[in-house]
Amino acid sequence: MSEKTIQEEIQTIIPELFPLIEPEFDWELVKNFYEFLKRDNEKGGFFSRNDSEKILERHIIESMIFVWKLKTTGYVSRETNVADVGTGPGLPGFLFALLKKAPHVFLVDSQKRKLALLETEVTSGSLSKVSKRVEFIYARTEEINSNFDVVTSRAMVPYPYIAEVTSRMVKQKGILCPFLAQPYPDLEKETEVLINNGFVMKKEIPIPELEFVGKRHIKILQKNSLPKKGYPRDWKEIVKETKNKNG
C-alpha cells in the first residue's frame with residue numbers, strides 16, 4: 001500500500017476543516033517543510049521528545065490554521081510584510097510563505113541554532129522556491145526598530161508583555177497577533193501593558209478547530225499610538241515583571 005500524502009494525513013486529523021484549507025497552500029512546500037523539521041529536529045533541537053512524535057498535529061497543522069485564520073479574516077495578503085518573532089525553526093511564521101498567495105515573510109530569532117538550518121534549506125535545499133519572499137533576521141526582538149504591517153508570535157514572551165517587546169517593530173496602525181492558549185486572567189494588567197505600549201485590542205479570534213491540541217486563540221492588537229514615555233522598558237525590567245506575575 002502506498003504511503004499517505006501529507007494532504008491525506010492532515011485530512012484524517014482535521015476532516016471538516018481540510019477542504020477550506022486545502023486550496024490555500026502549496027502542498028509540495030508543506031511536505032518539504034515537514035520533512036525538514038523531522039530530518040533536522042535532532043541537529044537543531046527543535047522539539048522536546050514528546051513533541052517530536054507530534055510535529056504534524058502540534059506544529060504544522062496548528063501553525064497552518066493560525067496562518068489560514070489571519071489570511072481569511074483579511075489581516076494578511078500578498079502585500080503584507082509579516083514578521084514572526086522567536087520563530088525557532090520557522091513556527092508559525094514560515095507557514096505564511098507556503099501560502100499560494102504568500103506575503104513577504106521575515107523570520108526573527110536571536111539564536112541561530114534553529115533558524116540557520118531553515119535558512120540553509122531555503123537558500124539551497126528543498127524550500128528554495130520561497131527564497132525571494134522570506135528573509136532571516138538574527139537579532140533580539142526588543143532591539144529591532146522597524147515598520148512591519150503584522151507581527152506574529154507563538155509563546156516567545158508571556159502575554160501581554162509580548163506587546164512591550166515588539167512595540168518598536170509594529171508600524172502605526174499595524175497589528176500584533178500573538179497566538180495564545182489560555183485566556184489571560186488579569187484584564188487590568190493586560191489593558192495597562194497594552195496602553196503603555198501604544199496598543200488597543202481590536203479583536204479576539206477563537207480557534208475551536210484546534211481543540212484537539214487544546215484551547216487556542218489569536219489576539220488582534222492594533223498599534224494606535226506611540227508608547228508612553230519610558231516604554232518599552234529594558235529587557236531586564238520586563239523579565240523581572242513577568243517572573244513576579246508568574247510566581
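Colleague: To begin, where is the place of Thr87?

Modeller: Thr87 is in the loop between strand 1 (81–85) and helix 6 (94–97). Helices (H or I, at least four residues) and strands (E, at least two) are DSSP runs, numbered from the N terminus. This is a predicted model, in which local features need pLDDT of at least 70 and side-chain atom pairs count only at pLDDT 80 or more, while totals for chains, interfaces and linings use all residues. Residues are numbered from 1 along each chain as its sequence is written, and side-chain values use heavy atoms, with hydrogens and water left out.

Colleague: Why is Thr87 called buried?

Modeller: Buried means under 20% relative accessible area, exposed over 50%, and partly exposed in between (1.4 Å probe, protein chains only). The relative accessible area of Thr87 is 1%, so Thr87 is buried.

Colleague: What joins the side chains of Thr87 and Asp84?

Modeller: A polar contact of 2.7 Å joins them. The term denotes a pair of N or O atoms within 3.5 Å; within protein, one must be able to donate a hydrogen and the other to accept it, and residues adjacent in sequence count only if both atoms are side-chain atoms.

Colleague: Which residues is Thr87 in contact with, leaving aside its neighbours within four places in sequence?

Modeller: They are Gly93, Leu107, Val108, Asp109 and Leu115, where contact means heavy atoms within 4.5 Å.

Colleague: In which sense do strand 2 and strand 3 pair?

Modeller: Two strands pair if DSSP finds at least two bridges between them. Strand 2 (residues 104–108) and strand 3 have 4 bridges and pair in the parallel sense. Val105, for instance, has Val134 in strand 3 as its bridge partner.

Colleague: What is the order of the strands in the open sheet?

Modeller: The 7 strands are in the order 3-2-1-4-5-7-6, with mixed pairing. Strand 3 (134–137) and strand 6 (199–206) are the edge strands, as each pairs on one side only.

Colleague: Why is helix 1 called roughly perpendicular to helix 5?

Modeller: The axes of helix 1 (residues 6–13) and helix 5 come within 12 Å and cross at roughly 90°. Angles under 35 degrees count as roughly parallel, over 145 as roughly antiparallel, 65 to 115 as roughly perpendicular and the rest as oblique. The two helices are therefore roughly perpendicular. Ile6, Glu9, Ile10 and Ile13 of helix 1 make the contact with Leu56, Glu57, Ile61 and Met64 of helix 5. Axes are lines fitted to C-alpha atoms, for helices over the stretch in contact, and angles run from 0 to 180 degrees between N-to-C directions.
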